[in-house]
Amino acid sequence: MSDLDDIADIDLVMQLINKDQQMQGESSRDSRKAINRERDMAEARLMADYFGPSPNPDYYFRSRYRMNRSLFLEIVQGIEIYIETHDPLPAHFKFFVVRPDATSLMSFSVIMKCTSAIRQLAYDTSPDALDEYLQMGEHCARDCLDFFTICIIDLFTSEFLRKPNVNDIRKLYDAYNRIHGLPGMLGSIDCMHWEWINCPKAWHGQFGRGDKKYPTIMLEAVASYDL
C-alpha cells in the first residue's frame with residue numbers, strides 16, 4: 001500500500017469521526033429544549049401591579065413583600081447607587097448590573113431580582129416557585145437570594161445591623177413604655193418583669209440574669225454587658 005493510500009484512509013477516518021461528533025452535538029441540542037421566558041412582559045406586569053401609576057394598595061404590597069413599599073424601593077435604590085459609585089464592584093453587586101446575557105437579551109432589572117429574593121424570604125418557597133410570574137429560572141432565582149443577602153449586609157450593617165448603644169436602648173424603653181405602659185420593657189410582654197407564671201414554660205430560665213431576681217430578655221442582657 002502506498003503513502004497516498006494511507007493518507008486517504010486517514011482522511012476517511014477523520015471524516016467519519018467529525019460526522020459522528022456533529023450528530024452527537026445535534027442530538028444533545030435537540031434533547032435540551034429551550035424555554036422562551038418573556039421577561040419583558042413579566043417586568044411590565046410587575047411594575048404595573050406594584051410600582052406603576054395605579055399600583056395595588058399598600059396593604060396588598062405589604063402582604064406580598066412583608067415590608068412597606070418605601071423600604072423595598074430604598075433597598076433597590078441603595079443597590080443601584082452602589083453599582084454607580086463603586087469600581088471595581090464585588091461579585092454580589094456585579095450580579096445586579098443590567099447587561100446583555102448570552103442570548104443578547106438584557107438581564108433582569110434590579111427591581112426584578114430584589115423581588116425574587118424578597119418573595120423567597122417572605123414565603124419560604126423554592127427558587128422556581130415564582131417562575132410563572134417573574135419568568136425567572138431556578139438558577140437565577142437562587143443567585144438572587146444569595147447575592148441579595150450579602151448586599152444587604154454590606155449596605156445596612158453600619159446603621160441597622162449593629163449592636164444597640166445607650167441611646168438605642170433608651171429609645172426602645174421609651175417606645176415600649178408609651179405603647180404598652182410598662183416601664184423598663186424591651187421585648188415580649190410575657191417575659192419582661194413579670195412572674196414566671198405568665199411566661200412560656202419552654203423559655204423558663206433562658207433569659208435570667210444573676211444581678212436581677214426577675215426574668216428579662218436576652219437583648220437587654222447582651223446590650224447591658226456590651227455597654
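How many residues apart in helix α8 are Arg142 and Glu138? They are 4 apart, so about one helical turn separates them within α8, residues 138–160. Before going further, note that this is a predicted model, where local features need pLDDT of at least 70, side-chain atom pairs count only at pLDDT 80 or more, and totals for chains, interfaces and linings use all residues. Numbering runs from 1 along each chain as its sequence is written, and side-chain values use heavy atoms, with hydrogens and water left out.

**Stop 1: salt bridges**

Stay on Arg142 and Glu138. They form a salt bridge, with the closest N and O atoms 2.8 Å apart. The term requires a side-chain nitrogen of Lys or Arg within 4 Å of a carboxyl oxygen of Asp or Glu. Helices here are DSSP runs (H or I, at least four residues), numbered from the N terminus. Arg142 is partly exposed at 35% relative accessibility, and Glu138 is partly exposed at 38%. The cut-offs are under 20% relative accessible area for buried, over 50% for exposed, and partly exposed in between (1.4 Å probe, protein chains only).

The whole structure has 2 salt bridges. Select Arg69 and Asp58 for another: the closest N and O atoms are 2.7 Å apart. This pair links distant parts of the chain, with Arg69 in helix α4 and Asp58 in helix α3 (residues 58–65), 11 residues apart. Arg69 is buried at 15%. Asp58 is exposed at 57%.

**Stop 2: a stacked pair**

Now turn to the rings. Rings of Phe, Tyr and Trp (its six-membered ring) pair if their centres lie within 6.5 Å; planes under 30 degrees apart are stacked, over 60 edge-to-face, and the rest tilted. The count by this rule is 13 aromatic pairs. Select Tyr82 and Phe93, which are stacked at 3.8 Å centre to centre, with 15 degrees between the planes. Tyr82 sits in helix α4 (residues 69–85) and Phe93 in helix α5 (residues 91–94), so the pair ties together parts 11 residues apart in sequence. Tyr82 is buried at 18% relative accessibility. Phe93 is buried too, at 0%.

**Stop 3: a cluster and two arginines**

Select Tyr50, Phe51, Tyr60, Phe61, Tyr65 and Phe72. Together they form one aromatic cluster. Finish at Arg66, which lies over the face of Tyr123, 5.3 Å from the ring centre.

Notes. Helices (H or I, at least four residues) and strands (E, at least two) are DSSP runs, numbered from the N terminus. A charge sits over a ring if NZ of Lys or CZ of Arg is within 6 Å of the ring centre and within 35 degrees of the ring normal.
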